[in-house]
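Thanks for coming. I will take this structure one part at a time, so please keep the view open while I talk.

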Amino acid sequence: MLTPVIDPDGAPFWQYAAQGELRVQACADCGELRFPPRPCCPHCQSLASEWRAVSGNGRIWSYVVPHPPLLPEYAEQAPYNVIVVELAEAPRIRLVGNLVSEAGAPLNSRDPRSIRIGARVRFVFDRSTGLPQWVLERP
Ligand code: ZN
């Protein structure tokens, strides 16, 4: 398994995710949510920020089904899915992840042919790998 490369701007995202909580960086002055995390607000140029809890609800905006050649640990699990989720609270914010059957399930636990753009999904956290995942709101 590849582990995330964590930089200082993004570290809080992973700390909250490890507690099972999805938080997104927000400007402390104008309130705009932004992702990926960065020091400066692209709307008002403020350097003040905070981490705001979001519902973890979203919709599949797009997806791909990677096939080999892949990194060896991923090749074993192919075909699997990689989805792009737009957040319910901030449709301009899109997070990349995997749609799985339940929290902690393998990347290939859902048949990629069953994935539909627009389907409602919910954030879950895989406690064994430390990675965020997504499940269908209504499986
Ligand atoms: Zn701002």
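Let me start with strands β1 and β2, which run antiparallel and are joined by two bridges. Within that pairing, Gln25 stands opposite Arg34 in β2. Five residues lie between the two strands of this hairpin, and Gly31 there takes a positive phi near 85 degrees. Please keep in mind that this is a predicted model.

β1 also has a partner in β3: the two pair in the antiparallel sense, over five bridges. Here Arg23 stands opposite Ala53 in β3. How much of β1 is covered? Mostly covered is the answer, with four of its five residues buried.

Next, the metal site. The zinc ion is coordinated by the SG atoms of four cysteines, Cys27, Cys30, Cys41 and Cys44, at 2.3 to 2.4 Å. Angles among the four donor atoms are 104 to 117 degrees, and the site is tetrahedral. Along the chain, the donors follow the spacing C-x2-C-x10-C-x2-C. Cys30 lies in the loop between β1 (23–27) and β2 (33–34), and Cys41 in the loop between β2 and β3 (49–53), so this pair ties together parts that are 11 residues apart in sequence.

Are these two cysteines buried or exposed? Cys30 is partly exposed, because its relative accessible area is 39%. Cys41, in contrast, has a relative accessible area of 1%, so Cys41 is buried.

Now to the core. The largest nonpolar core has 23 residues, and the members that touch the most others are Leu22, Leu87, Leu99 and Trp134. Two or more residues each come from α1 (11–18), β1, β5 (82–87), β7 (120–126) and β8 (131–136). To look at one of these members in detail, take Leu87: leaving out residues up to four places away in sequence, Leu87 touches Leu22, Val24, Val54, Asn57, Gly58, Ile93, Leu95 and Trp134.

The last stop is Gln133, which is found in strand β8. Gln133 counts as buried because its relative accessibility is 4%. What does its side chain reach at 2.8 Å? That is the backbone nitrogen of Gly104. A polar atom of the Gln133 side chain also lies 3.2 Å from the backbone oxygen of Ala105. Not counting residues up to four places away in sequence, the residues that Gln133 touches include Asn98, Val100, Glu102, Arg122, Phe123 and Asp126.

That is the tour. I will take questions now.

Terms used: Residues numbered from 1 in each chain as written. Predicted model: local features only at pLDDT ≥ 70, side-chain atom pairs only at ≥ 80, totals over all residues. Heavy atoms only, no water. Donors = N, O, S within 2.8 Å, 3.2 Å for Na, K, Ca; no water. Tetrahedral: all angles 85-135°; square planar, octahedral: opposite > 155°, others 65-115°. Buried < 20%, exposed > 50% of the residue type's maximum accessible area, 1.4 Å probe, protein only. Core = buried A, V, L, I, M, F, W, Y, C linked by side-chain atoms within 4.5 Å. Contact = heavy atoms within 4.5 Å. Polar contact = N/O pair within 3.5 Å; in protein donor to acceptor, adjacent residues only side chain to side chain. Pairing = 2+ DSSP bridges.
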